[in-house]
Amino acid sequence: MTHPRGSAAKTAAMSAALSGAVDLSALKARAEASQKQPPAPPRPSAEGGAPGGPAAGGAVIDVTEETFQAEVVERSLRQLVVVDLWAEWCGPCKQLSPVLERLAAESGGAWVLAKVDVDANPRIAQLFGAQSIPTVIAIGGGQPVDAFSGALPEPEIRKWLGSLLDALRDKLPGIAAAEQNGGGVEQPEDPRFTEAEEAFERGDFAAAQAAYERILDVEPANEEAKTALAQVKFTARAEAAGPDAIAKADADPADLDAQLAAADLEVAGQQPEAGFARLIAAVRRTAGDDRNKVREHLVALFELFDSADERVMKARRDLASALY
């Protein structure tokens, strides 16, 4: 699921809490004790391939509790390390991880992506106090410097990385060295997507939506445009919902628009089960056009997640029960 920009306060709070406050050497003793053990086999990435394989050019590495000290802490003294906390069952992770992997491969060594399967390595997630996944933490100079949670759109991730690289360029020699070598292979940009992404970045959601719709008019099967369009629509709605949307909806269950806005806000706040349950309850209370309106809104929320997400599958079953 895309983590909308309306959650900037939450992200900033996470960054402030992490910065300088996490002792990354906490895993060092465990790592040293396990050095005599054979390394664990690499786990598949969110795309199903081996992390850090040939396609990634060494820019993506699979990190365990045993290798964390060397691969993250010590490496971060030379270059920026971006830690991706993910799990196989996490739908938003499967949206975010491929984007991070591609950007890491394009960076030419300016930064490296360290992927951590939180199910296999729970101590790392605990170390960072991660409340949800995906959570992404930037490590520089041996300490966390910034973080965000949720599957941000690619333009926001690029902007976030750019700010970090600018801030750390004089502190981490690997960044300057990568830039001197050309910063990786430049990928040709599709001007249609560039137009849409720039509109999204400046907060012009109507223009971004129109740009993605033009792409789909020509290429109806373009999955990237479909996903981006759904994200833009959701982000626009979530930002338009006032902070008191949930309270208003709870006070008046018959206010259909309030229920829809509250569900958006709950999903944006990492509470999809609450948002789904709210709309399923509204489906049970309504009929005709009103019921169809709620159903369509709920289905649009489902599309923000991986279809195999257990929360979505349960909600789909509950929706079917409410309808029939």
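How many residues does α15 have, and what distance does α15 reach from its first C-alpha to its last? Helix α15 has 14 residues and reaches 20 Å between those two atoms, close to the 20 Å expected at 1.5 Å a residue, where the expected span of a helix is 1.5 Å times one less than its number of residues.

The model is predicted, so local features need pLDDT of at least 70 and side-chain atom pairs count only at pLDDT 80 or more, while totals for chains, interfaces and linings use all residues. Residues are numbered from 1 along each chain as its sequence is written, and side-chain values use heavy atoms, with hydrogens and water left out.

The secondary structure of the chain comes to 15 helices and 5 strands; helices (H or I, at least four residues) and strands (E, at least two) are DSSP runs, numbered from the N terminus. Of the 324 residues, 48% count as buried, where buried means under 20% relative accessible area, exposed over 50%, and partly exposed in between, with a 1.4 Å probe and protein chains only. Among contacts with a separation of 6 or more, 70% come from residues 24 or more positions apart, a contact being heavy atoms within 4.5 Å.

| α9 | F205, A208, A211, Y212, I215 and L216 | 140° |

The arc is that of the directions from the helix axis to the C-beta atoms.

Helix α9 (residues 205–218) has 14 residues and reaches 20 Å from its first C-alpha to its last, close to the 20 Å expected. The cover over the buried residues of α9 includes α8 and α10, and the opposite face carries the exposed residues A206, D217 and V218.

The second largest pocket has a volume of about 520 Å³. On a 1 Å grid over the protein atoms alone, a pocket is an open set of points where a 1.4 Å probe fits, with protein on both sides within 12 Å along at least five of seven lines, and lining residues have an atom within 4 Å of a point. Grid points are joined across faces, edges and corners, and the volume is the space filled by probe spheres set on the points. This pocket is lined by 23 residues, of which V99, E154, E224, T227 and Q231 lie nearest its centre. Helices α4 (91–106), α6 (154–168), α8 (191–201) and α10 (223–240) each supply at least two residues of the lining.

Two loops hold local backbone features. The peptide bond from I133 to P134 is cis, with omega near 0°, and P134 is in the loop between α5 (122–128) and β4 (135–140). Residue Q270, in the loop between α12 and α13, has a phi near 65°, a positive value in a residue other than glycine.
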